[in-house]
Amino acid sequence: MYSTYIRGHKYAAVKVNHYADGSIALQSYNTIVIEIDANGWMTVNGLYSRTTIKHIGWFMRELGFDYYTAKAIYRDGYKFNINTGEVR
């Protein structure tokens with residue numbers, strides 16, 4: 001595993017973990033907030049604090065989506081494929 005920072009926010013308490021199997025995870029402080037498996041399926045584990053909500057927004061913008069997409073995924077309890085737009 002290796003970690004990277006969100007573009008423009010390298011001093012924030014947030015990082016993106018990249019795993020050998022191709023999956024990635026957004027980590028805000030010590031909490032895994034968003035997971036994306038190697039096939040592009042995103043799971044949002046929670047929205048947490050105001051600061052973590054900012055982290056989610058930054059991450060989602062890098063993927064080409066917005067915070068409200070992540071909020072809907074969490075609220076409605078579904079998975080979203082970032083490659084195809086498919087919903088489960």
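A polar contact is a pair of N or O atoms within 3.5 Å; within protein, one must be able to donate a hydrogen and the other to accept it, and residues adjacent in sequence count only if both atoms are side-chain atoms. The model is predicted, so local features need pLDDT of at least 70 and side-chain atom pairs pLDDT 80 or more, while totals for chains, interfaces and linings use all residues. Residues are numbered from 1 along each chain as its sequence is written, and side-chain values use heavy atoms, without hydrogens and water.

**View A. The N-terminal cap of H2.** Helices (H or I, at least four residues) and strands (E, at least two) are DSSP runs, numbered from the N terminus. Aspartate 66 caps H2 at its N-terminal end. One of its side-chain oxygens lies 3.2 Å from the backbone nitrogen of tyrosine 68. After H2 comes glycine 77, with a positive phi near 70 degrees.

**View B. The open sheet.** Six strands are ordered E1-E2-E3-E4-E5-E6, with antiparallel pairing (two strands pair if DSSP finds at least two bridges between them). E1 (2-4) and E6 (80-81) are the edge strands, each with a single partner, so one side of each has no neighbour in the sheet.

**View C. The E3-E4 pair.** Five bridges join E3 (residues 24-28) to E4 (residues 31-36). Glutamine 27 faces isoleucine 32 of E4.

**View D. Buried residues of H2.** In H2 (residues 67-76), Tyr67, Thr69, Ala70, Ala72 and Ile73 are buried (under 20% relative accessible area, 1.4 Å probe, protein chains only). Their cover includes E5, H1 and E6.

How values were computed
Buried < 20%, exposed > 50% of the residue type's maximum accessible area, 1.4 Å probe, protein only. Contact = heavy atoms within 4.5 Å.
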